[in-house]
Amino acid sequence: MERSKELQKKENEFSKRFFYSILGVLFLNMLLSVWSNYVGYTLYVVPTYLFVILCILAIYTGLLLYKVKYNFRAVFIIVLCVFFILFTYLSLILSNISEVIFLYYFPVVALFLMLTDFKKTLLFTLAIMVLCYVLPKISLSLGISLDKSVFEGNHQALKFKEYEVVTISTFYTFFILYYMVKFIEIKNKTSTEGETDPSVEIPAFSLNVADASPLREEDSRVERLQHLYNRIIILFEEEKPFQYPEFNIRTLADKVNSNTSYVSAALNKMGNKKFNQLVNEYRIEQVKILMKENVHYKFTLEHIYTNAGFSSQSTFNRIFKEHTGLTPTEYIERL
């Protein structure tokens with residue numbers, strides 16, 4: 001449990017520092033772009049308003065993450081896609097001027113590694129390498145590549161831009177890798193502290209005949225499942241992960257340092273219920289508590305059920321009636 005909280009805290013720290021640094025880089029580039037346009041110095045080949053738009057998006061995203069709960073992986077998958085599209089666009093228009101622009105893909109690969117695994121990252125890296133090889137040809141065929149004459153007689157500006165690309169890509173690559181290592185350390189802390197992992201089977205062979213008996217093995221398995229079930233309930237009570245609509249059994253397994261098979265077995269054997277049943281019970285109970293506290297007078301019903309984790313009103317209405325025998329409106333009227 002502490003490991004899960006520590007990981008969430010570190011993910012929040014990474015998110016804040018990441019978006020603060022992005023905002024700082026964009027704001028600095030916006031100022032330099034305005035200055036270069038004012039003095040008539042060719043420094044940027046993209047319009048200033050692009051930096052303004054990106055700054056607004058960064059500020060909005062940062063405020064959103066600060067005020068509401070969010071799914072770390074889902075948010076940064078979106079960030080990864082945005083960066084990939086942006087850097088591909090920049091590569092299309094600039095690759096025939098300087099191939100240094102391809103270094104922007106380094107932090108993209110690092111972020112991909114943080115969100116997935118090494119095998120997928122290796123395939124992604126190979127795809128990026130092929131893309132970098134064909135991008136100059138694609139840009140020429142589409143006629144969107146800038147001519148090399150843009151920086152003719154202005155080599156200092158080109159050198160500055162290349163230095164900027166190297167600096168930014170290096171910083172973010174090591175920044176992401178640093179936090180990735182921290183995430184791994186936190187995830188592995190449980191095993192280093194000697195906590196039993198419920199996903200690990202006890203070997204069938206034992207030097208002690210009594211320990212190897214089927215009865216003893218079954219007792220041990222039940223004990224492990226009970227321990228896992230208790231951890232799941234504590235997680236639901238303390239962290240309320242069910243409030244996220246995208247919360248699933250795989251996410252739950254990661255949070256309790258187990259796997260989906262053992263989580264499912266613990267819920268079935270110890271709780272006599274399936275994952276969706278447990279999630280819906282906690283969601284409905286949260287809605288009922290808020291209704292009893294008259295929160296529906298301050299906020300809309302939609303706000304209440306979405307805050308509990310329901311993604312649609314039809315699903316909420318159906319499950320609420322299954323658990324209470326009443327529609328949400330009927331339940332409120334009887335309070």
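A crossing counts as left-handed when the near helix is turned anticlockwise from the far one by less than a right angle, and as right-handed when it is turned clockwise. Helices here are DSSP runs of H or I with at least four residues, numbered from the N terminus. Before you click, note that this is a predicted model, where local features need pLDDT of at least 70 and side-chain atom pairs count only at pLDDT 80 or more, while totals for chains, interfaces and linings use all residues. Residues are numbered from 1 along each chain as its sequence is written, and side-chain values use heavy atoms, with hydrogens and water left out.

**Stop one: a helix pair**

Select residues 72–94, which are helix 3, and residues 118–142, which are helix 5. Helix 3 passes helix 5 in a right-handed crossing. Their axes come within 9 Å and cross at roughly 35°; axes are lines fitted to C-alpha atoms over the stretch in contact, with angles from 0 to 180 degrees between N-to-C directions.

Now show side chains. On helix 3, pick Phe84, Thr88, Ser91 and Leu92; on helix 5, pick Phe124, Ile128, Leu131, Leu135, Ile138 and Ser139. These residues make the contact, meaning heavy atoms within 4.5 Å. Colour this contact by class and you get 7 nonpolar, 3 polar and no charged residues (Ala, Val, Leu, Ile, Met, Phe, Trp, Tyr, Cys and Pro are nonpolar; Asp, Glu, Lys and Arg are charged; the others, Gly among them, are polar).

**Stop two: salt bridges**

How many salt bridges does the count come to? There are 6, taking a side-chain nitrogen of Lys or Arg within 4 Å of a carboxyl oxygen of Asp or Glu.

Go to helix 1 (residues 2–39) and select Glu13 and Arg17, which sit 4 residues apart, about one turn of the helix. Their side chains meet in a salt bridge at 3.5 Å, N to O. Glu13 is partly exposed at 25% relative accessible area, and Arg17 is partly exposed at 47% (buried is under 20%, exposed over 50%, partly exposed in between, using a 1.4 Å probe and protein chains only).

Next, select Lys273 and Glu281, a salt bridge whose closest N and O atoms are 3.0 Å apart. Lys273 counts as buried at 16%, whereas Glu281 is partly exposed at 31%.

Finish in helix 10 (residues 275–292), where Lys288 and Glu285 lie 3 residues apart, about one helical turn. The closest N and O atoms of this salt bridge are 3.8 Å apart, and Glu285 is partly exposed at 37%.

Technical notes: Helix = DSSP H or I, 4+ residues; strand = E, 2+ residues; numbered from the N terminus.
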